[in-house]
Amino acid sequence: MLMDLMAHASTFASVIPNPTPEQPPGTEGITTLLNWISWIVIIIGVAGFLASAGSLVFAAFTGREIQGLKGLAIAIIVCGLATGAGAIMRVFV
């Protein structure tokens, strides 16, 4: 029973098409703009991460660690979202 199910699954998997995405003509400018925006967001995210890390060090001396930790968490989330958006754009463009 299980072997028959696996045989059918492999048959169905070989039938499913695997298209390769192709960039539509005339969208080179949009792709360039998206690449520039992606780089700018990543640079700002890394700069925010470094600034938040420095703020966290300073806040440790003054007793306000939670504010530095919030900034650090936001910077990490921004970098993750920027990376995820880049991966999504590579799939579609």
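Predicted model: local features only at pLDDT ≥ 70, side-chain atom pairs only at ≥ 80, totals over all residues.
**Exercise 1. Work out what span helix H2 should have, and how its end C-alpha atoms compare with that.**

Step 1: H2 covers residues 28–62, which makes 35 residues.
Step 2: Take 1.5 Å a residue, using one less than the number of residues, and the helix should span 51 Å.
Step 3: Now check the model: the end C-alpha atoms are 51 Å apart, which agrees.
Step 4: Look just past the end of H2, where Gly63 has a positive phi of about 90°.

**Exercise 2. Decide whether Ile43 counts as buried or exposed.**

Step 1: Find Ile43 in helix H2.
Step 2: Its relative accessibility is 54%, and the cut-off for exposed is over 50%.
Step 3: So Ile43 counts as exposed.

**Exercise 3. Describe the largest pocket: what is its volume, and which helix gives the most to its lining?**

Step 1: Start with the volume, about 410 Å³.
Step 2: Go on to the lining, made up of 16 residues, with Leu34, Asn35, Ser38, Gly86 and Met89 nearest the pocket's centre.
Step 3: Sort the lining by helix: H2 and H3 (65–92) each supply at least two residues, and H2 gives the most, with eight.
Step 4: Finish with the classes, which come out as 10 nonpolar, five polar and one charged.

Definitions and conventions
Residues numbered from 1 in each chain as written. Heavy atoms only, no water. Helix = DSSP H or I, 4+ residues; strand = E, 2+ residues; numbered from the N terminus. Buried < 20%, exposed > 50% of the residue type's maximum accessible area, 1.4 Å probe, protein only. 1 Å grid on protein atoms, 1.4 Å probe; cavity = no way out; pocket = protein on both sides within 12 Å on 5 of 7 lines; lining within 4 Å. Points joined across faces, edges and corners; volume = space filled by probe spheres on them. Nonpolar A, V, L, I, M, F, W, Y, C, P; charged D, E, K, R; others polar.
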